[in-house]
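Please look over the sequence and the structure shown below, and keep both at hand while you read this briefing. The points that follow are grouped by topic, so that you can find each residue in turn.

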Amino acid sequence: MKILVTGGAGFIGSHIVDELIKNGHEVVILDNLVTGNKNNINPKAEFVEGDITNKNLDEKIDFQDIDVVIHQAAQINVRKSVEDPIYDGDVNVLGTLNILENMRRYDVKKIIYASSGGAVYGEPEYLPVDENHPIAPLSPYGLSKYCGEEYIKLYNRLYGIEYCILRYSNVYGERQDPRGEAGVISIFIDRILNNKNPIIFGDGNQTRDFVYVKDVARANLMALDWKNEIVNIGTGKETSVNELFKIIADELNYEDKPIYDKPREGEVRRIYLDIKKAEMLGWKPEVDLKEGIKRVVNWMKQMQG
Ligand SMILES: O=c1ccn([C@@H]2O[C@H](COP(=O)(O)OP(=O)(O)O[C@H]3O[C@H](CO)[C@H](O)[C@H](O)[C@H]3O)[C@@H](O)[C@H]2O)c(=O)[nH]1
């Protein structure tokens with residue numbers, strides 16, 4: 001199949017591209033390189049530098065040739081979305097709509113969409129959070145990601161474009177930029193390798209569901225066969241930031257303590273995803289947190305030479 005991966009030079013998108021190419025697919029990458037990185041680009045993919053909000057995108061990309069779009073390009077910074085909700089909406093809502101319009105115009109059959117299991121549900125009413133949990137985002141980012149979902153469902157009703165919406169939990173792994181938007185795992189490892197104490201916001205008892213990026217990439221590959229589904233992609237396991245610190249400290253033989261700072265405002269206390277639906281569809285995470293952290297450590301050591 002010929003697949004367009006938007007954001008294919010980014011952290012998650014580039015792993016998806018690698019997985020697709022490994023499985024014999026032809027890949028076109030669209031990325032504006034704002035947070036994406038040229039070094040992440042698989043040499044076997046065709047690379048188009050451009051923006052999902054460009055109204056003349058069809059001058060750069062031959063949509064007629066594309067079978068499926070895997071849409072990963074986005075504004076992904078939660079705090080930035082609070083500071084500048086209009087920019088966030090431009091990229092995440094209008095950018096997604098622009099992709100859908102091109103798909104409609106040139107008859108592209110299917111879209112796989114990266115949504116956020118951490119941001120669309122808001123403060124969990126029950127745990128683990130399944131796909132039927134009420135939607136009540138606490139940030140413009142959570143809402144803009146959800147708007148993307150709704151436009152995709154609308155385009156399915158109106159024009160029959162097939163979809164699969166994947167709601168990721170906290171994704172970590174190689175190529176996540178520790179100095180970039182998010183990713184407590186790469187931030188802690190980066191700080192320890194540079195002789196700085198990790199900083200824990202609040203008491204460290206807040207919890208998250210950390211899923212390894214190559215497991216997420218594999219979910220995208222499988223989603224090529226899933227039809228009009230909304231699926232949580234996580235591990236179904238809850239890990240506190242304190243526990244996380246301990247696993248990373250053990251891995252790096254770090255004996256110093258973390259610094260405790262004031263809690264980050266507006267973030268959820270506990271969240272982890274119910275992944276029964278993904279499991280029913282045949283996907284499950286394969287790399288556990290310890291092993292995944294080992295891999296990130298090795299990668300970061302390599303990067304630092
Ligand atoms: O130096 C740090 C960084 C983070 N944290 C804590 O670690 C947890 C995870 O923080 P992240 O910034 O890694 O991720 P978030 O849970 O804030 O998740 C956000 O960023 C994710 C990307 O990794 C997804 O986009 C997700 O949807 C969005 O809510 C939070 O409790 C945060 O307070 C620290 O204690 N110290």
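Arg269 is partly exposed, with a relative accessible area of 41%, and it forms a salt bridge with Asp203 in which the closest N and O atoms are 2.9 Å apart. The model in which this pair is seen is a predicted one, and it holds 20 salt bridges. Side chains of opposite charge can pair when their charged atoms come close.

**Salt bridges between separate parts of the chain**

- Arg269 lies in the loop between strand E13 (259-261) and helix H8 (276-280), while Asp203 lies in the loop between strand E8 (199-201) and strand E9 (207-208), so the pair ties together parts that are 66 residues apart in sequence.
- Asp203, the partner of Arg269, counts as partly exposed because its relative accessibility is 37%, a value between the limits of 20% and 50%.
- Glu286 forms a salt bridge with Arg218, and here the closest N and O atoms are 3.8 Å apart.
- Since Glu286 lies in the loop between H8 and helix H9 (289-303) and Arg218 lies in helix H6 (residues 213-223), this pair ties together parts that are 68 residues apart in sequence.

- Arg104 forms a salt bridge with Glu101, the closest N and O atoms of the two being 2.8 Å apart.
- Both Arg104 and Glu101 lie in helix H3 (residues 85-106), where they are 3 residues apart, which is about one turn of the helix.
- Arg104 is partly exposed, and its relative accessible area is 35%.
- Salt bridges also link Lys2, Glu26 and Asp65 in a network.

**The ligand and the residues around it**

- There are 19 residues around the ligand, and those that come nearest are Ser116, Ile199, Arg208, Arg264 and Glu267.
- By type, the residues of this shell divide into 11 nonpolar, 5 polar and 3 charged.
- Ile199 places a backbone N or O atom 2.7 Å from a nitrogen atom of the ligand, and Gln206 has a polar side-chain atom that lies 3.2 Å from an oxygen atom of the ligand.
- In the side chain of Arg264, an N or O atom is 2.7 Å from an oxygen atom of the ligand.
- On its own the ligand has 690 Å² of accessible area, and the protein covers 90% of that area.
- Which elements give two or more residues to the shell around the ligand? They are helix H5 (184-193) and E8.
- The ligand lies between domain 1 (2-171 + 209-233) and domain 2 (178-208 + 238-273 + 288-304), because both domains give residues to the shell around it.

- Gly266 has its place in the loop between E13 and H8, and it is exposed, with a relative accessible area of 65%.
- From C-alpha to C-alpha, Gly266 and Asp225 are 37 Å apart in space, and they are 41 residues apart in sequence.
- His25 lies in the loop between helix H1 (11-22) and strand E2 (26-31), and it is buried, because its relative accessible area of 18% falls under the limit of 20%.
- The side chain of His25 reaches the backbone nitrogen of Met1 at 3.4 Å.

**Backbone geometry**

- Most residues other than glycine have a negative phi, and most peptide bonds are trans.
- Leu127 and Pro128 are joined by a cis peptide bond, for which omega is about -10°, and Pro128 is placed in the loop between strand E5 (110-116) and helix H4 (140-159).
- Asp107 has a phi near 65°, a positive value in a residue other than glycine; Asp107 lies in the loop between H3 and E5 and is exposed, with a relative accessible area of 54%.
- Asn228 likewise has a positive phi, near 50°, in a residue other than glycine; Asn228 is found in the loop between H6 and strand E11 (229-233) and counts as partly exposed, at 27% relative accessibility.

Definitions and conventions:
Residues numbered from 1 in each chain as written. Predicted model: local features only at pLDDT ≥ 70, side-chain atom pairs only at ≥ 80, totals over all residues. Heavy atoms only, no water. Salt bridge = Lys/Arg side-chain N within 4 Å of Asp/Glu carboxyl O. Helix = DSSP H or I, 4+ residues; strand = E, 2+ residues; numbered from the N terminus. Buried < 20%, exposed > 50% of the residue type's maximum accessible area, 1.4 Å probe, protein only. Near = heavy atom within 4 Å. Polar contact = N/O pair within 3.5 Å; in protein donor to acceptor, adjacent residues only side chain to side chain. Areas by Shrake-Rupley, 256 points an atom, 1.4 Å probe, with all protein chains shown as cover. Nonpolar A, V, L, I, M, F, W, Y, C, P; charged D, E, K, R; others polar. Domains from an automatic or database assignment.
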